[in-house]
Amino acid sequence: MTSISLKKIFAALLLAAVFCLSACGGIEEPEVTTAGSAGTLAPGNPATSSEEETSGEVTEPDETNAPVYAATWSLAEKVSVPDGGGYELPAPSEEYAEAEAYFNYLTGLETGEDETLGIRRPTAVCMYNDYESSRFQCGTEDADVIFEIQLDYSSTALMALYYNPTSIAKIGCVRSATPAMAAIAAGFDSYLLHCGTIGGADNLIASLELDRIDARNEAGTDCFYNDTAIGNASSYAYSYFTTSGRIAKSLLQLSEGGAHFIAPESFRSPFAFADEKYVPDGNPAGRIRVFFGGFQPYFLYNNSTGLYDRYQHGAPHRDTSTGSTLAFKNVIFIYTDTSFENGYMSHSIVGSGSGIYASGGRYIKIIWSKDSEDAPFVFTDGTGKPVLLNRGKTFVSVVSRSNSVSIY
């Protein structure tokens, strides 16, 4: 197949998308609180427990009448500027046209793409997750993987990874990158989109030679824009957004500087996926709550969907452009050593530690490891075997060892 025909195939797919818009030997485990059992998982309803939580006094939200912020910030209001579409990414060479190209290695699901497209590099987008910024989050429902990073005693930030962000109307609000985000992005060989840095992340990003787009720099003017409606109603700190067309244009600009669009042959995904539905051989996990000090998000297992629905700030965690509650096939918690640097929590994510993996309404204890800042995570069980994830979206919480996770 000629290079011209490859480009035509790739360009057609991109334009169509844009326009369609424990056993933990030797590792000290943090406390995991369990209470009773997950109870009966009634079809169509989130799992509940007859037991009361033993740590933390939390008022459960009314899950049937929780606010839908999309009623205030409609999709039409959000897409207030041209998306910068009409840009074509170059086609990869045929040498990477292998079986893996049919699958999104972030989810294990088929992509439906032509095998000549090769294995894409994902795009990572940094976002804050305090109450105010979460009101304006959009594009989160389409993320294949979301990492949650604890920033201080009561707040977190998110990093959303997209295997192919070219069909998403709007993504944001985009905020600062942390050192942990930079190291995680490097492990996925992803592009990094952010607005500023905190905790010395600039130096790490430079040393890792990450392909990044920073809204503070000249290159960021093509990738990001200010949503003035949100800026006027709340804060301009929460008004940075991007779109699929703007991302495509910016990646083309990166390619002019030598960035590659396709993962190298040596790349290995951090995730291993089960061929068939897999339920961890552990205790029930109908409700999982993590304690970030005063901020205590949680997940409820929905037996009818087989997914964990995410809740935070007293309501379902929603993508405000669609109103949909974020839901995940897999939920992972990794415990890290932490310290405070420049007013923010710094996570030691190089090395190894204990963690939790939940899917299908049950959980097991796991061990995570990361050999270097640019190496991928490796997740193993108590016997040293790779943890098999179910195919679908994954949420990963990076938690200080001083905090706890309650499972019911």
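Visitor: What makes Glu148 and Arg310 a salt bridge?

Guide: Their side chains come to 2.8 Å, N to O, and a salt bridge asks for a side-chain nitrogen of Lys or Arg within 4 Å of a carboxyl oxygen of Asp or Glu, so the pair qualifies. Glu148 belongs to strand β3 (residues 145-150) and Arg310 to strand β14 (residues 307-312), 162 residues apart. Strands here are DSSP runs of E, at least two residues, and helices are runs of H or I, at least four, numbered from the N terminus.

Mind that this is a predicted model: local features need pLDDT of at least 70, side-chain atom pairs pLDDT 80 or more, while totals for chains, interfaces and linings use all residues. Side-chain values use heavy atoms, without hydrogens and water, and residues are numbered from 1 along each chain as its sequence is written.

Visitor: Why is Glu148 called buried?

Guide: Its relative accessibility is 0%, and buried means under 20% relative accessible area, exposed over 50%, partly exposed in between (1.4 Å probe, protein chains only).

Visitor: How many salt bridges does the rule give?

Guide: The count comes to eleven.
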